[in-house]
Amino acid sequence: MKSERKTTSVSQVAELLSGKQRIALFAHTHPDGDTIGSCIALALALRKLGKHVDIFCDMPMESKLSVFVEVASISTNFSGKYDLFVAVDCGDINRVGEFSGIYSKFAETLTIDHHGGEYYSKYNCLKPYASTCQIIYELVKELQIDIDEQLATYLYMGLCTDTGNFAHNNTDKACFMMAAELCERGAHMEQINRVFFKDISLQETKLLCRALSHMRTFYDGKMMLMYLTQTDLEEFGLKFNASSFLVQYAINIDTAKVGVCMTEYAPNVYKVSMRGKDFSVRDVCKEFGGGGHVLASACMISGFLEDVIEKIVRVVGYTI
């Protein structure tokens, strides 16, 4: 169902959720800390109100997320009857992934998102915040739900990861004030920092070495690109999503304005992750049907390796 371009306020969302008993939450495909933290935090909050809430994602979680107990309850297979579908941290309908078909056909839908994306649900709560977890935080306050240690941890997960551990330029006073309260409420800050920003397995370290060996330079070092094939992943016994952290090593090159990591998802189909410094990689990803943040975006591109690289280099070259 397409909606009017009218934003639903947090108070209106609280009223909407209060009137529903069975609610399905959808994390975005290729899930990250913000979509998972937001979904679990919202589910925990609504269950405190006696609601039946289930979370769905069309892809398995990264292994690092398995240390968080509640992640195990997220299902990759949709089933059940619900009063409301909620797309959490999904900037457009395609981010719902394989569930986009059933989502778009359902009458009662709600988007809660911070990307400034499309109005594809019946209700759309869109805020230009650093993370979707900040919207969930406001919603929890509106519903007058106590933030316990567990809830604080998942709210902190989204806030921390989408600000790059408070290092990205989307970090502002509101982020620090929210983090301060979550700290007081017992959020497991050290665990989240370690899991998302420090821990790396031996096999992932070997994968990093392989990706670095494939790194290429374009536009006098302003663009750095690395890639991994399915053969690389199989050699180290790793799944596709194990490469999600690698793109940071491309953008960390001091001359880089654009960092790219390509990972072969299926034969001749590549997941392309991009990071930027004072350069909108979101605009580049949109050219290939993707999107995300201005400085952190992704897309999927089909084709032979060298052809895909040539396409990306050409589009980046329009504006770099």
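Residues are numbered from 1 along each chain as its sequence is written. Because the model is predicted, local features need pLDDT of at least 70 and side-chain atom pairs count only at pLDDT 80 or more, while totals for chains, interfaces and linings use all residues, and side-chain values use heavy atoms, with hydrogens and water left out.

The second largest pocket holds about 350 Å³ of space. A pocket here is an open set of points on a 1 Å grid over the protein atoms alone, where a 1.4 Å probe fits, with protein on both sides within 12 Å along at least five of seven lines, and lining residues have an atom within 4 Å of a point; the volume is the space filled by probe spheres set on the points. Its lining consists of 18 residues, and T29, H30, N94, R95 and M300 lie nearest the centre. Strand β11 (residues 296-302) supplies the largest share of this lining, 3 residues, where helices (H or I, at least four residues) and strands (E, at least two) are DSSP runs numbered from the N terminus. By residue class the lining divides into 6 nonpolar, 7 polar and 5 charged.

Turning to the rings, the structure holds 21 aromatic pairs, a pair being rings of Phe, Tyr or Trp (its six-membered ring) whose centres lie within 6.5 Å, with planes under 30 degrees apart counted as stacked, over 60 as edge-to-face and the rest as tilted. F85 and F106 are stacked because their ring centres are 3.9 Å apart and their planes stand at 15°. This pair links distant parts of the chain, since F85 belongs to strand β3 (residues 84-88) and F106 to the loop between α3 (100-105) and β4 (109-113), 21 residues apart. F85 is buried at 3% relative accessibility, whereas F106, at 23%, is partly exposed; buried means under 20% relative accessible area, exposed over 50% and partly exposed in between (1.4 Å probe, protein chains only).

A further stacked pair is formed by F166 and F176, with 5.7 Å from centre to centre and 25° between the planes. F166 lies in the loop between α5 (149-162) and α6 (173-184) and F176 in helix α6, so this pair ties together parts 10 residues apart in sequence. F166 is buried at 19%, and F176 is partly exposed at 48%. F85 and F106 also belong to one aromatic cluster, whose members include F26, F56 and Y82. Over the ring of Y82 sits the charged end of R22, 5.6 Å from the ring centre.

The whole structure contains 12 salt bridges, each a side-chain nitrogen of Lys or Arg within 4 Å of a carboxyl oxygen of Asp or Glu. In the one between K141 and E181, the closest N and O atoms are 2.7 Å apart. K141 lies in helix α4 (residues 132-142) and E181 in helix α6, so the bridge ties together parts 40 residues apart in sequence. K141 is partly exposed at 39%, while E181 is buried at 15%.

R194 forms a salt bridge with E190 at 3.6 Å between the closest N and O atoms, and another with D199 at 3.1 Å. E190 and R194 are 4 residues apart in helix α7 (residues 189-197), so about one helical turn separates them. E190 is exposed at 53%, R194 is partly exposed at 29%, and D199 is partly exposed at 40%. Elsewhere, salt bridges with shared partners join K141, D146, E181 and R185 into one network.

Conventions
Ala, Val, Leu, Ile, Met, Phe, Trp, Tyr, Cys and Pro count as nonpolar, Asp, Glu, Lys and Arg as charged, and the others, Gly among them, as polar. A charge sits over a ring if NZ of Lys or CZ of Arg is within 6 Å of the ring centre and within 35 degrees of the ring normal.
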